[in-house]
Amino acid sequence: MFESFFPRPKVFFLSVMLWAGLGILIWYGAGDSIGAALGFALPEPAGEPIVGLHYFYSSSFLWFYLFYTVWSLAFAAFWFYYSPHEWQMWSILGSIFILFTTYFGVQVSVAINNWRRPFFDQFQQALTGDGSVSQADLYGLILIFVQIAFVATGVFVVTRFFVSHYIFRWRTAMNNFYMARWPRVRNIEGASQRVQEDTMRFASIMEGLGVAFVDAVMTLVAFLPILWALSQYVTELPVVGAIPHALFIALLFWAAFGTGLLALIGIRLPGLEFRNQRVEAAYRKELVYGEDDPDRAQPPTVVELFENVRKNYFRLYFHYMYFNIARGFYMQADNIYVHVLLVPTIVAGKITLGIWQQILTAFGQVSSSFQFLISSWTTIVELISIYKRLHAFEAVFRGQELDEIELKYLADRDGGIVPPMADPSPGSGGPDPLQTIQDPKR
């Protein structure tokens, strides 16, 4: 799945996390001083966020463009030299471009959040009827919003178009990788389904889920500092009372609580989804054989196979029922959580309507990013089950041991214990792994 598209995947992804983490530390630690030394006018005046399109070509942003380009190309150059790969232009440079456009899209949300304060403050002032706010003032701010919205639309279209091509290249790499080994794996149960359908589903899920994950991470990088700064306006929480950076701490607690709770409740779902694909594949394969062989797909066999499908679906329905109950209650509570937190601050008159809007937006952005696992859990479960199927597929031609759930399936199917996988290389003396996953009528 990953080796086909990325160079040395385990080392590559570890280096991505380390290099990105180091870059973030440098940017938020010494970034301003380095930028100032290079001649960029940094930082922007405190408490005066830039409103409008100028935000995207301000000194801060121009310095970020330079820093990101140099930092990313240095990483790419290392991997081009250290471990050349036939798909490196897409897997490395393509990933760098997706990260940039995603971060830029998040910054569009930051620009809109900057716009909220002056617009809603003037909106609040206009409602007093003192005449200090004219129609031109509000129309001018609405025009600024329209300009930012056009930028947001353009970035979204470009990102989605490029990601679609990027993901299909990844699927192409997987397809080529598996088909190069087709003579050895063609007799594996569901081999055609894994090469065609599973790679297709893997690619389609990654197209949506992968972008959502990157967007969640980039949103945290962009909005956590904003939420930290806005926490100065909220000094007291219900029940808890006054604590430093109360809003920030309350968010971390709420996100950790929800993620941990639902991950614990839904812990059995990946295995059930994986088994579901297994029983469906066994049923489908018997029917396919029955199209050409009158001795196959006989009523007793078909009834037994479909009964396995029914049992597994009913188990899935039961486990998803209590998972959805927990998730539903949490998401409904999340809708009012921040409003409950802000009641003491609102009653004390410590914030304006504009600041209130900024807090709601920043809190919502960071909260939804922290709750990525919660909102995407069903899709993640499906992706994990596909990963398990492809991993078991790869284990066969790599001569590796199968996962416990795969061995259990084979034992259930064949009425016996499946021997461990062994080195399939000639002269190794071990059993051929292809002999352990054959047609049930072998």
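Buried means under 20% relative accessible area, exposed means over 50%, and partly exposed is in between, using a 1.4 Å probe and protein chains only. What you have here is a predicted model, where local features need pLDDT of at least 70, side-chain atom pairs count only at pLDDT 80 or more, and totals for chains, interfaces and linings use all residues. Residues are numbered from 1 along each chain as its sequence is written, and side-chain values use heavy atoms, with hydrogens and water left out.

**The chain as a whole**

- Start with the secondary structure: the protein chain has 14 helices and two strands, taken from DSSP runs (H or I of at least four residues for helices, E of at least two for strands) and numbered from the N terminus.
- Of the 442 residues in the protein chain, 42% are buried.
- The accessible surface comes to about 22,800 Å², and 66% of that belongs to carbon and sulfur atoms; areas come from the Shrake-Rupley method with a 1.4 Å probe, and for residues only the protein chains shown count as cover.
- Take the contacts (heavy atoms within 4.5 Å) with a separation of 6 or more: 77% of them are between residues 24 or more positions apart.

**Nonpolar cores**

- A nonpolar core is a set of buried Ala, Val, Leu, Ile, Met, Phe, Trp, Tyr and Cys residues joined through side-chain atoms within 4.5 Å.
- The largest one has 82 residues, and Trp170, Tyr178, Phe202, Leu227 and Phe363 have the most contacts inside it.
- Helix α7 (residues 191-230) gives the most to this core, with 17 residues.
- Leaving aside neighbours within four places in sequence, Leu227 touches Leu247, Phe248, Leu251, Ala362, Phe363 and Val366.
- There's also a second, separate core of nine residues, including Leu269, Leu316, Ala326 and Val381.

**Aromatic pairs**

- Rings of Phe, Tyr and Trp (its six-membered ring) pair if their centres lie within 6.5 Å; planes under 30 degrees apart are stacked, over 60 edge-to-face, and the rest tilted.
- That rule gives 56 aromatic pairs.
- One of them is Phe12 with Phe13, edge-to-face at 5.4 Å centre to centre and 75 degrees between the planes.
- Phe12 is buried at 3% relative accessible area, while Phe13 is partly exposed at 32%.
- Phe61 and Phe64 also pair edge-to-face, 6.1 Å centre to centre with 70 degrees between the planes.
- These two sit about one helical turn apart, because they are three residues apart in helix α3 (residues 59-82).
- Phe61 is buried at 6% relative accessibility, and Phe64 is buried at 10%.

**Salt bridges**

- A salt bridge puts a side-chain nitrogen of Lys or Arg within 4 Å of a carboxyl oxygen of Asp or Glu, and the count here is two.
- In one, Arg296 meets Glu286, with the closest N and O atoms 2.9 Å apart.
- Arg296 lies in the loop between α9 (269-292) and α10 (299-347), and Glu286 lies in helix α9, 10 residues apart.
- Arg296 is buried at 10% relative accessibility, and Glu286 is buried at 6%.
- Arg310 and Glu307 form a salt bridge at 2.5 Å, N to O.
- Arg310 and Glu307 are three residues apart in helix α10, so about one helical turn separates them.
- Arg310 is partly exposed at 32% relative accessibility, and Glu307 is partly exposed at 28%.

**A buried threonine**

- Thr102 belongs to helix α4 (residues 88-126) and is buried at 6% relative accessibility.
- Neighbours within four places in sequence aside, Thr102 contacts Thr159, Val214, Asp215 and Met218.
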